[in-house]
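Numbered points follow the display.

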Amino acid sequence: MQNTLTYKVARGLGWFSVALGTVEVIAPGAINRLVGAREGHAFIRAFGFREIAAGGGILALSNPTPWLWARVAGDAIDLAALVLAWDSRNPRRGNTTAAIFAVAGVTALDFLCARALGAQVEERQRPRRDYSDRAGLAGTAETMRASAASGFKTVSQGTNVRNKNVAKITR
Amino acid sequence: MKALCWQGKHKITYETVPDPKIEEPRDAIIKVSSCAICGSDLHLFDGFMPGMEVGDILGHEFMGEVMEVGSENKKLKVGDRVVVPFTIICGACDQCKRGNFSVCERTNRNKALGDTAFGHTTAGLFGYSHITGGYPGGQAEYVRVPYADVGPVKIPDGLTDEQVLFLGDIFPTGWQAAAYCEIESTDTVAVWGAGPVGQFCVRSAIIMGAKQVVIIDNVPERLTMAAAAGAIVINFDDDSVLDRLNELTQGKGPEKCIDAVGLEAHATGSLDSIYDRAKQAVMLESDRPHVLREMMYVCRPAGILSIPGVYGGLIDKIPFGAAMNKGLTFRMGQTHVNRWTDDLLRRIQEGQIDPSFVITHTAGLERGPELYETFRDKKDSCIKVVLKP
């Protein structure tokens, strides 16, 4: 799975999430100015921490699917915030429009990636070959245990085996 | 000759390389009939083990026919069929005399590197980085076997390659892990990791008489294979490992715990796994010890932790207070293969165990590069790959 294009895209989204989140935490004012909002630095910072958490989760896990779905949910919140900022009094309404389209695009990518990766994980977890006849032992676990109990193998015998081999091998 | 060569992280190629030659009087040249990809080869493939150089021939699980012997080698003769243990041993140093073959003091020809990495050198290993000698490995048509008058195990007629190949590594590795547990008939043995070594740990623990053996993994077909031998299954994607182990032991925890996973434990969504991944990503930690932490926490007081899983460097946030206060015993190390081979060969001959159960994929050596990926990604229900040069 880790060599698939989907997994690589997911990791790319993870790094993007961490980078965007870091900017939101460090410079919430710049983000606000970009989209024409005047208030809400605390909200932008909170969004930033959410992005960093999602990005970290994606990068940290061998199966990042849950964190990709978390990103989709976060994207929905971002879109709602941008729509609220998209009013006639906004001096940078054009920027807000562009941001809405950009976030919508990323949302679509997050959604498709999460769905594809989820399907891959499900496929991997489905047993495709049946190994239920591959015991490899002469008998059932019970009979093997019974053999052990009757003395065919004990710890002290194991130690003796070791000593015998050592004597034979060493020069 | 042809061989599988390491070219860098995630890059292995099928190459033409010079044939090996006798270099020392105790050497032998083996024509490889079967070799395997081991889980620990994946640590090299994934770039977690330092000391690899471009062009190194991989492989430490192999067997074949003796083609040539050095002048002082009185044990082998041309035509002998042998399994070659992955640890190279001299048979004469203080450690070999004590049966501690995997820490042989003489066979690592890069002793200074071993001393620097580990404080004191360990044995030379085939195909496993220059820290352990930089010896060309067995995923090749021919191999030079140093100290071939002590290590190789002669195979009697009537046994197939598939039955005996794993005497060179994973079978004695699983066996030693179980032996280190000093299993008693009342014991619950919990095994983390249902890969090839974990499968042999399960069967060894059953043969040694454990009351119940529990296997922990999240790959269904691997769990199925372990269950076939009689193991109780915990899929960590579906169940809490700690809760289930406590349920199975009346809240007391398993007496014996085996880590057959090692340094590449897959994150399970737990906080410590995320922490390990993050630290590993910025190179502040080399190994991911989730299994070790879990074992130290869940193991019954005065229990034993046996660690055949490979670790390479530094680990962090280990609950050593729990281990100390519970009086846990740790036993670990690369396998002292030759300690166990005669006994295990006898068990195969007597039919107690047929190690070929674990083989899921067999192919020509030229398909090695693609099968490394198949094995690593567990595609096509892959558990164990055998290659035929």
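With which residue does B:Lys111 form a salt bridge, and how far apart are the closest N and O atoms?

1. The partner of B:Lys111 is B:Asp115, and the closest N and O atoms of this salt bridge are 2.8 Å apart. A salt bridge is here a side-chain nitrogen of Lys or Arg within 4 Å of a carboxyl oxygen of Asp or Glu. Both residues belong to helix α3 (residues 111-118) of chain B, where they are 4 residues apart, about one turn of the helix. Helices (H or I, at least four residues) and strands (E, at least two) are DSSP runs, numbered from the N terminus. An α-helix has 3.6 residues a turn, so residues three or four places apart point the same way. B:Lys111 is partly exposed at 42% relative accessibility, and B:Asp115 is partly exposed at 23%. The classes are buried for under 20% relative accessible area, exposed for over 50%, and partly exposed in between (1.4 Å probe, protein chains only).

2. On provenance, this is a predicted model, in which local features need pLDDT of at least 70 and side-chain atom pairs count only at pLDDT 80 or more, while totals for chains, interfaces and linings use all residues. Residues are numbered from 1 along each chain as its sequence is written, chains are lettered from A and ligands numbered from 1 in the order in which they are written, and side-chain values use heavy atoms, with hydrogens and water left out.

3. Concerning the interface, 62 residues from chain B and 36 residues from chain A take part in the contact, where contact means heavy atoms within 4.5 Å. About 4200 Å² is buried between chain B and chain A, and carbon and sulfur atoms give 54% of that area. Buried area is the accessible area (1.4 Å probe) that two parts lose on being put together, summed over both.

4. Across the interface of chain B and chain A there are 13 residue pairs in polar contact, both residues being at pLDDT 80 or more. A polar contact is a pair of N or O atoms within 3.5 Å; within protein, one must be able to donate a hydrogen and the other to accept it, and residues adjacent in sequence count only if both atoms are side-chain atoms. On the side of chain B that touches chain A, the elements giving two or more residues include α6 (196-207), α9 (271-281) and α12 (337-350) of chain B. The largest share of that side, 7 residues, is provided by α12(B).

5. Within chain A, a network of salt bridges links A:Arg50, A:Glu51, A:Arg71, A:Asp78 and A:Asp110.

6. A further pair in chain B is B:Lys317 with B:Asp316, whose closest N and O atoms are 3.6 Å apart. B:Lys317 is exposed, with a relative accessible area of 53%, whereas B:Asp316 is buried at 18%.

7. The side chain of B:Lys384 reaches the backbone oxygen of B:Ile37 at 3.1 Å. Not counting residues up to four places away in sequence, B:Lys384 touches several residues, among them B:Cys38, B:Glu61, B:Phe166, B:Pro196 and B:His361.

8. Helix α10 (residues 290-298) of chain B has 8 of its 9 residues buried, so it is largely enclosed by the rest of the structure. The buried residues of α10(B) include B:His290, B:Arg293 and B:Glu294.

9. B:Gln163 lies in helix α4 (residues 161-164) of chain B and counts as buried at 18% relative accessibility. The side chain of B:Gln163 reaches the backbone nitrogen of B:Thr160 at 3.0 Å. Leaving aside neighbours within four places in sequence, B:Gln163 is in contact with B:Gly158, B:Ile348, B:Asp354, B:Pro355 and B:Ser356.
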